Amino acid sequence: MDIDAVRVDFDPGQIVVLNAILAFIMFGVSLDLRPPDFLDLARSPRAPLVGLVAQFVLLPAMTFALTTVLPLPDSLKLGMIMVAACPGGTVSNFMTHLAGGRLATSVGMTAVSSTAALVTVPLNLAFWGGLQSGTAQLVDAVQLDAADVMRTVLVVLVVPVAAGMLVGTQFPRLAQGARTPVRILSLLFLCVLVVAATRKNLGLLLQIAHLIIYPVVLMNALAFLLGWSSARAFDLDAKDQRAVTLEVGIQNSGLGLALALQFFNSVGGVAAICAFWGIWHLLGGLALASFWSRWPVPSEGTA
């Protein structure tokens with residue numbers, strides 16, 4: 001089976017719905033963000049800075065290295081690079097809380113990476129995707145325009161984050177009342193869309209499962225290890241180690257899937273990797289967070 005010729009059954013209307021759901025999710029998460037949160041990060045930037053460098057620079061580099069040694073079709077390699085280029089996923093905040101990590105570090109990294117994604121996603125995708133001839137040909141074949149990617153990221157991430165912060169700041173009572181319903185609806189909408197898409201593409205996913213499972217599982221494990229080792233190398237305390245590890249290992253695969261379907265729908269392997277990552281990193285992240293939740297965090301200042 002030529003996976004580079006695979007077509008994921010996802011019509012333009014579903015892509016619009018997916019983008020709207022992602023924007024709604026980011027709006028809900030951002031209701032808890034305030035401008036002082038960014039000031040706090042600026043005053044104590046060491047932990048989030050280590051995490052963001054690991055996420056923006058080391059993770060794409062590690063993923064590129066992985067794609068050079070794994071015998072994979074070019075579309076799967078590009079899908080892995082797509083995932084690595086995405087910002088941190090919002091579910092990492094919940095997992096950090098469950099793991100006993102420092103929530104402020106997690107939320108701050110998610111907010112900064114989501115905002116910076118306007119630049120970092122097209123930059124990393126074009127740079128790392130262009131270093132191998134096979135993936136570069138795929139990028140050239142769809143005539144990927146960085147401006148188009150930036151517009152999608154702006155609509156899906158940046159504008160909703162800004163709107164959520166504005167509502168949370170100007171209308172705190174409204175934000176407090178809306179927080180839980182918005183998150184429940186976000187999860188419900190996303191689950192319905194994922195189930196619908198999976199049902200339509202179940203046969204295809206089963207056919208290519210043997211090709212997409214092992215690179216996603218391996219990449220996710222290495223991403224967690226990268227986050228943890230980076231935090232350890234800079235002697236961050238235990239709470240920040242857990243936050244950075246989960247932030248680097250949990251990517252916004254929903255954004256990756258939206259970009260894959262919008263710009264690379266003619267290359268189904270890209271979307272297949274993003275879709276399976278969205279399932280697997282939740283399982284891996286929850287397993288790690290649950291494990292850590294059973295071990296008390298050492299006293300402040302210890303590793």
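**View 1. Helix H5 of the predicted model, with its buried residues Ser-92, Asn-93, Met-95, Thr-96 and Ala-99.** Helix H5 runs over residues 91–99.

**View 2. Thr-67 in helix H3.** Helix H3 spans residues 46–69. Is Thr-67 buried or exposed? Its relative accessible area is 0%. The cut-off for buried is under 20%, so Thr-67 counts as buried. The Thr-67 side chain makes a polar contact with the side chain of Gln-132, at 2.7 Å. Leaving aside residues up to four places away in sequence, Thr-67 touches Lys-77, Met-80 and Gln-132.

**View 3. Helices H10 and H12 cross at roughly 165°.** Two packed helices are described by the angle between their axes and the distance between the axes. H10 covers residues 238–249 and H12 covers residues 268–293. Their axes come within 10 Å. Angles over 145 degrees count as roughly antiparallel, so H10 is roughly antiparallel to H12. The crossing is right-handed.

**View 4. Residues where H10 meets H12.** Which residues of H10 take part? They are Arg-242, Thr-245, Leu-246 and Gly-249. On the H12 side, they meet Trp-277, His-281, Gly-285, Leu-288 and Trp-292.

Methods. Residues numbered from 1 in each chain as written. Predicted model: local features only at pLDDT ≥ 70, side-chain atom pairs only at ≥ 80, totals over all residues. Heavy atoms only, no water. Helix = DSSP H or I, 4+ residues; strand = E, 2+ residues; numbered from the N terminus. Buried < 20%, exposed > 50% of the residue type's maximum accessible area, 1.4 Å probe, protein only. Polar contact = N/O pair within 3.5 Å; in protein donor to acceptor, adjacent residues only side chain to side chain. Contact = heavy atoms within 4.5 Å. Axes fitted to C-alpha atoms, helices over the stretch in contact; angles between N-to-C directions. Parallel < 35°, antiparallel > 145°, perpendicular 65-115°, else oblique. Left-handed = near helix turned anticlockwise from the far one by under 90°.
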